[in-house]
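I opened this entry to keep a record of what I looked up, in the order in which I looked it up. The notes are meant for someone who has not seen the structure before.

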Amino acid sequence: MDVLELLKTRRSIRKYKSTPVEEEKIQKCLEAAQWAPSASNKQPWEFMIVTDSEIRNKMAAIHPYAKFVAESPVIFIPLTDPTIHQDYHQSDTALATMQFMIMAHALGLGTCWAGVINKPQIEKEIKSMLNIPEKLRVLAIVAVGYPDHTRESNRKNLEKLVHRETY
Ligand SMILES: Cc1cc2nc3c(=O)[nH]c(=O)nc-3n(C[C@H](O)[C@H](O)[C@H](O)COP(=O)(O)O)c2cc1C
């Protein structure tokens with residue numbers, strides 16, 4: 001599949017098969033995340049992989065928009081470290097997360113990002129549940145697994161978004 005086709009066919013998946021995800025595929029997705037660009041190449045990220053069903057159920061219970069993590073066999077959790085780069089830790093880690101998601105799609109896996117960074121109570125509960133060190137922030141929880149539905153999506157018209165030379 002060409003790159004544009006890959007990008008256009010990735011969808012946020014909210015229903016998953018129970019089929020386990022192969023460890024080699026998770027490893028490839030992690031490597032894709034690892035190779036994201038970052039400001040001054042500081043790489044202000046760490047990554048967690050959670051498969052335990054009890055934890056997944058607890059996470060689904062505390063995040064109102066991430067019920068699907070109870071079903072997805074894997075959760076990818078990108079952590080950011082503001083002490084490594086105060087200004088860019090979130091944007092860098094978002095890029096790494098996107099690379100994970102694109103790689104997952106290329107391997108036939110579905111993903112769905114559920115935001116955490118702006119939800120202090122949920123972030124606190126996740127940190128406590130997973131023993132995440134105080135200095136790290138939880139950017140998101142990302143469901144990963146084989147899709148059990150297909151979805152349509154849409155985007156704003158490019159002609160209305162693009163300004164050339166001057167606005
Ligand atoms: C920062 C961010 C936060 C998101 N949070 C959620 C969320 O909490 N729950 C959810 O179901 N989807 C979430 N999404 C997925 C978006 O709803 C989805 O990307 C958008 O509707 C476009 O659909 P598509 O990804 O299938 O093209 C989030 C996406 C981003 C980038």
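I began with threonine 80, which counts as buried at 0% relative accessibility, where buried means under 20% relative accessible area, exposed over 50% and partly exposed in between, with a 1.4 Å probe and protein chains only. Before going on I noted that this is a predicted model, in which local features need pLDDT of at least 70 and side-chain atom pairs count only at pLDDT 80 or more, while totals for chains, interfaces and linings use all residues. I also noted that residues are numbered from 1 along each chain as its sequence is written, and that side-chain values use heavy atoms, with hydrogens and water left out.

Threonine 80 has its place in strand 2, residues 74-80; helices (H or I, at least four residues) and strands (E, at least two) are DSSP runs, numbered from the N terminus. Its side chain makes a polar contact of 2.7 Å with the side chain of histidine 89, a polar contact being a pair of N or O atoms within 3.5 Å, of which, within protein, one must be able to donate a hydrogen and the other to accept it, and residues adjacent in sequence count only if both atoms are side-chain atoms.

Helix 4 has 18 residues and reaches 26 Å from its first C-alpha to its last, close to the 26 Å expected at 1.5 Å a residue (the expected span is 1.5 Å times one less than the number of residues). After helix 4 comes glycine 108, with a positive phi near 85°. Leucine 109 is in the loop between helix 4 and strand 3, and leucine 109 is buried, with a relative accessible area of 3%.

I then turned to the ligand: which residues come nearest to it? Of the 14 residues around the ligand, these are Ser12, Arg14, Tyr65, Trp113 and Arg151, where near means that a heavy atom of the residue lies within 4 Å. An oxygen atom of the ligand is 2.7 Å from an N or O atom in the side chain of serine 12, and an oxygen atom of the ligand is 2.6 Å from an N or O atom in the side chain of arginine 14. I found serine 12 in the loop between helix 1 and helix 2, and serine 12 is buried, with a relative accessible area of 19%.

Helix 2 covers residues 23-34 and reaches 16 Å from its first C-alpha to its last. Its buried residues are Lys25, Ile26, Cys29, Leu30, Ala32 and Ala33.

Serine 40 counts as exposed at 62% relative accessibility, and asparagine 41 is exposed with a relative accessible area of 52%.
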